[in-house]
Every structure is written in structure tokens, then in C-alpha cells.
Amino acid sequence: RLTNNFFYDPPGRNVGYNELGWSSPNVDIVATNNYFMGGFESVSLSDWSQVNFTNNKMYSQDKFAIALNTAGSTASYSWDNNSYYGAGLVLFNGRTGAFASWPSWTGLDTHSTYQPGAPTGVWTFVRPNKYESGRAHIVVYDWDLSSSVAVDVSAVLTPGTRYEVRDAENYFGPAVVSGVYDGGLIRIPMSGLAIAPANGNVPVQPVHSAPQFGAFVL
């Protein structure tokens, strides 16, 4: 079961994939409300007997938004109401095609949508920590590459609460924003963020995923 997750790989790299299913046969999977952003194949599923794949978003800039391999029928799959972005390429049992052909090939995604090119706008998500009041994870997909984004944290903070937001890619660095919550939106910077350097002998130091993607801890 894979639900309510946020995945990101810089779309311009066009490498890698989220692979669901390795050796075959696999039995059953539920993958709902996930964001698979970037990759050579944004998500790949292989040889499942039962699949519930609904309300997911996929984006591959130049390659495959979805790849499905199965030796059996897809008639029992619950696979619909998904959103696809990017080049519009799909892969079904090794056959490449356009998304327009996908429903007729597979019998899937009857009510799903495809948008050419990259997503647009700013997508923000606040996930409260159920174990610690006032704490939350914040996820930002900043497709407009804005220098800062407005985030609604009213479900987590009450007015008058002192807060700080830390960058998950540099958690022990300084807070990226702090203050006393006034009940409105807070602005989180998406430019000028520093990533914690890797320790040890690494061939290439990592670079920050912002401004296109950010993960923060409130």
C-alpha cells in the first residue's frame, strides 16, 4: 500500500523511476494519491494480479509518464482518475506509444487526464505530525519557480504561536523563516537555499532541489 506520498527527481535529468513490483508474479497493490514527479519512467508497475492505482499524478519531461508490464489481463484492475503530464509517452508490455492510445490498449484510465508539458502553478502540502502538536512537514512543488511561496499552516498553528521552518535538505542549518504566527499565510523562500554538504569522499556534491521542489519541517 502506497498512499499520500510525494516523489521528486529533477525532471530535466530524465533518469530513474519509481518501481512498484520487482520479481513476478506480484499479488496486490494499492497506490493512491501519490505524486510521481520526474524520471525516465515516472512510475513503473510490473506483473500484479490486483491493482488499485487511482488519483495519482505523474510527470516525465521527455520520457514515459507510466510503464506497465503484465502477463495477465488488466480487466480486474481499478486504475482511473489519474493525471499525467509531460511528453505524453507511455510504455505497455514493452510497446511505446502516446497517451491517447493508452486507454484503448489497456482498458485503464477511462476518466484520467493528460496535460502536455510541465505542470504549472505552485502545489503546497502541509502534513501535521499526529504525535507532536504544532509540528508538520511541508512539501512544495514550485513549477513557476517563484522565489518564495505562501503556505497555509492554519491547521497546525494557532495565532500567537512562535514558529520556525527548517529546510529538510539542511535541517541543522539556520531556520529559513521564523516568527510569531498571526493567523495568515507564511512565506517560505524557494531561492538562495543551501544544502548540507555530503560527508566523506563523494564524486559530486549534491545540489539543492529548489526552487522547483522543497521539503520543510515546521
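Buried means under 20% relative accessible area, exposed over 50%, and partly exposed in between, using a 1.4 Å probe and protein chains only. T74 has 12% relative accessibility, so T74 counts as buried. This is a predicted model: local features need pLDDT of at least 70, side-chain atom pairs count only at pLDDT 80 or more, and totals for chains, interfaces and linings use all residues. Residues are numbered from 1 along each chain as its sequence is written, and side-chain values use heavy atoms, leaving out hydrogens and water.

**T74**
- T74 sits in the loop between β9 (64-69) and β10 (78-80); strands are DSSP runs of E, at least two residues, numbered from the N terminus.
- The T74 side chain reaches the backbone oxygen of T106 at 2.5 Å.
- Not counting residues up to four places away in sequence, T74 touches L68, T106 and L108 (contact: heavy atoms within 4.5 Å).

**Nonpolar cores**
- A nonpolar core is a set of buried Ala, Val, Leu, Ile, Met, Phe, Trp, Tyr and Cys residues joined through side-chain atoms within 4.5 Å.
- The largest has 21 residues, and L45, F53, I66, W79, Y84 and W102 have the most contacts inside it.
- β4 (26-32), β6 (41-46), β7 (48-54), β9 and β12 (89-92) each supply at least two residues of this core.
- A second, separate core of 19 residues includes V140, V156, Y181 and I188.

**G39**
- G39 lies in the loop between β5 (35-37) and β6.
- G39 counts as buried because its relative accessibility is 3%.
- Leaving out residues up to four places away in sequence, G39 touches D9, N14, V15, G16 and S60.

Terms used: Helices (H or I, at least four residues) and strands (E, at least two) are DSSP runs, numbered from the N terminus. A polar contact is a pair of N or O atoms within 3.5 Å; within protein, one must be able to donate a hydrogen and the other to accept it, and residues adjacent in sequence count only if both atoms are side-chain atoms.
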